[in-house]
Amino acid sequence: FFFVIIFYGGYPTIRARAYLEWNYLEHTKSKRDNYADMVNLYPALSDCSAFLISLAKHEEAKYNFFREEELLRQSVSYSSTKELYYALGQCYERLNNFTAALKCYSLIQSAMPGLMKPRYLKVILYYKIGDRNKFIKEADEALSFNPKKYNQQVVEMKRDIKRKLESYYNQ
């Protein structure tokens with residue numbers, strides 16, 4: 001009976017301490033210094049999406065994109081926010097896995113059709129890889145799209161798409 005109380009009482013305590021330590025590391029130390037300490041917290045926080053994303057950002061900064069991908073894919077199994085899929089798509093781009101990146105952006109676009117950002121990221125990806133036909137098609141669709149929320153970010157995205165279209169036509 002005593003073992004059961006310690007077992008159930010111990011894990012939440014360990015996890016709470018790990019959360020506190022992670023919060024401390026994120027807000028007090030420099031980002032380079034706290035990576036090794038964060039890795040030590042992994043066993044207690046391996047199912048916490050926010051922690052995994054934070055750790056993945058450290059891997060990105062170290063140019064360890066395969067480990068970043070692994071952490072982001074693990075995080076997707078616990079949480080499926082659009083920001084997570086944006087990060088995963090951009091990670092796939094860094095790994096030159098453009099098909100997987102497009103799938104991430106398309107998933108967000110189909111799940112949340114009122115957003116401009118997934119359309120923008122697809123346009124930019126087609127521009128980067130040099131797929132002229134798909135770039136022009138997606139760019140025209142994105143420019144004619146009226147998002148649910150029309151804000152300054154949307155204006156900037158559309159302006160960037162127009163600049164890229166103009167540069168493509170001027171080549």
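What is the handedness of the crossing of H8 and H9?

Reply: The crossing of H8 and H9 is left-handed. Keep in mind that this is a predicted model. Two packed helices are described by the angle between their axes and the distance between the axes. Here are both values for this pair. H8 covers residues 132-144, and its axis comes within 10 Å of the axis of H9. The two axes cross at roughly 145°.

Now look at who touches whom. H8 brings Arg-132, Phe-135, Ile-136, Ala-139, Asp-140, Ala-142 and Leu-143 to the contact. H9 answers with Lys-158, Ile-161, Lys-162, Lys-164, Leu-165, Tyr-168 and Tyr-169. By class, nine of the residues in this contact are nonpolar and five are charged, with no polar ones.

Next, move to H4 and H5. H4 spans residues 65-76. Its axis lies 10 Å from that of H5, and the packing angle is about 155°. That angle makes H4 roughly antiparallel to H5. H4 passes H5 in a left-handed crossing. From H4, the contact uses Phe-65, Glu-68, Glu-69, Leu-72, Arg-73, Ser-75 and Val-76. From H5, it uses Leu-84, Tyr-85, Ala-87, Leu-88, Cys-91, Tyr-92 and Arg-94. The contact of H4 with H5 has nine nonpolar, one polar and four charged residues.

H5 also packs against H6. H5 runs over residues 82-94, and H6 over residues 98-111. Their axes come within 7 Å and cross at roughly 160°. H5 and H6 are therefore roughly antiparallel to each other. H5 passes H6 in a left-handed crossing. On the H5 side, Lys-82, Tyr-85, Tyr-86, Leu-88, Gly-89, Gln-90, Tyr-92 and Glu-93 take part. On the H6 side, they meet Phe-98, Ala-100, Ala-101, Cys-104, Tyr-105, Leu-107 and Ile-108. The residues of this contact divide into eleven nonpolar, two polar and two charged.

Definitions and conventions: Residues are numbered from 1 along each chain as its sequence is written. This is a predicted model: local features need pLDDT of at least 70, side-chain atom pairs count only at pLDDT 80 or more; totals for chains, interfaces and linings use all residues. Side-chain values use heavy atoms; hydrogens and water are left out. Axes are lines fitted to C-alpha atoms, for helices over the stretch in contact, and angles run from 0 to 180 degrees between N-to-C directions. Helices (H or I, at least four residues) and strands (E, at least two) are DSSP runs, numbered from the N terminus. Angles under 35 degrees count as roughly parallel, over 145 as roughly antiparallel, 65 to 115 as roughly perpendicular and the rest as oblique. A crossing is left-handed if the near helix is turned anticlockwise from the far one by less than a right angle, and right-handed if clockwise. Contact means heavy atoms within 4.5 Å. Ala, Val, Leu, Ile, Met, Phe, Trp, Tyr, Cys and Pro count as nonpolar, Asp, Glu, Lys and Arg as charged, and the others, Gly among them, as polar.
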